Amino acid sequence: MTTKIGVLVMSYGTPESLEGVESYYTHIRRGNPPSDEQLKELKGRYEAITGGVFPLREHTDRQTGALQEALNRDNEDKAIEYICFQGLKHAHPFIEDGVQRLAESGIDHAVGIVLAPHYSVMSVGSYIKRAREKAESLGIQMVFVESYHLHPQLIAALSRRVSAKLDQYEEAGAKREDVRVLFSAHSLPERILNMGDPYRDQLLETSKAVAEQAGVTSWQFTWQSAGRTPEPWLGPDILDTLRELSKEQVEYVLSAPIGFVSDHLEVLYDLDIEAQAVASELDMRLLRIESLNSDPAFIAVLSDVVRTRAGELKAGRS
Ligand code: FEC
């Protein structure tokens, strides 16, 4: 008999169309609709990256499909079948919808994973809280992957991306050691630090491990994409970091947004358009590493950590 194990693949979510941006933004703002000006500004950012296509949805779809295939393909124990469902934080199908679908498929044991390698109570923690509450209400036993920021295959995949861009710089005549590598991730309100949140430390650990493996000596960590709210957010922001580096006469910069796993607004707009514009104003050259998207090496990371957690489920049942 085959046992079905559900996998809830959680991701940030993105609108399905420009018309959907308002309800998406309202959800991010916990039910408070944005002003006309805020809405126009956000729609403008989506139009600038894709002209009305929302790349995060396609990447999440592909990652979810590839994960299900990898889990079942490499599954020596054919007594288990993994079935993946999506659960998005701010868009359909919401996290709760994903858990509901697990239940409707007759699944009573599941693993939850977020497509973000670093844990913060305000990011991954909030996804898990919502999934756990829904699973409990439906009688599903669920365990969660909290972080995978030092998984050896993740570090290797990111290091390869950093090395590839350093090669590109070298081919263009720059010395590798003259390139400043800027690791970055989404900022969060500063108050997370007083809560003993591991987010910043985990990001620094990933940065250090990737720098070591890629043989990078000139690197630093910086934040990006801070929210537009009055409270203080973690800094320095990448735009300020670029201005500082320009004062230090740094000419070549490599952006490595290790906090994200897909091409989406925060990468394609905040880095490829906004940061790129600042770099060119400052007469600096800025490249960015490729996103992980559906790279089989990244899917292997997800499948490995999901399988490990699933093993704990099995142990719990026997
Ligand atoms: O491509 C897309 O459509 C979605 C891109 C996207 C990703 C993403 C990831 C993270 N966020 C995190 C935290 C916050 C906090 C606030 C916040 C606000 C926004 C807004 C947009 C947005 N985020 Fe996001 N985030 C993405 C998009 N994010 C759009 C609203 C407008 C703006 O501020 O730009 C502030 C909420 C508030 O108002 O209180 C906090 C974190 C991540 C990375 C981890 C994860 O993926 O969950 C942390 C992708």
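Predicted model: local features only at pLDDT ≥ 70, side-chain atom pairs only at ≥ 80, totals over all residues.
R29 touches P34 and Q38, leaving aside residues up to four places away in sequence (contact here means heavy atoms within 4.5 Å). R29 sits in the loop between α1 and α2, with helices being DSSP runs of H or I of at least four residues, numbered from the N terminus. Residues are numbered from 1 along each chain as its sequence is written, and side-chain values use heavy atoms, leaving out hydrogens and water.

Turning to the ligand, 21 residues surround it, and Y12, T14, Y46, Y127 and R228 are the closest; a residue belongs here if one of its heavy atoms lies within 4 Å. As for polar contacts (pairs of N or O atoms within 3.5 Å), a side-chain N or O atom of Y12 is 2.9 Å from a ligand nitrogen. A polar side-chain atom of R45 lies 3.1 Å from a ligand oxygen, and a polar backbone atom of L265 is 3.0 Å from an oxygen atom of the ligand. Two or more shell residues come from each of α1 (21-28), α2 (36-50) and α9 (265-268).

The unreviewed UniProt entry lists Y12, R29, R45, Y46 and Y127 under "binding site", an annotation that may be inferred rather than shown by experiment. These residues span 116 positions in sequence, and their farthest two C-alpha atoms are 25.2 Å apart, so they do not all gather at one spot.

Methods
Polar contact = N/O pair within 3.5 Å; in protein donor to acceptor, adjacent residues only side chain to side chain.
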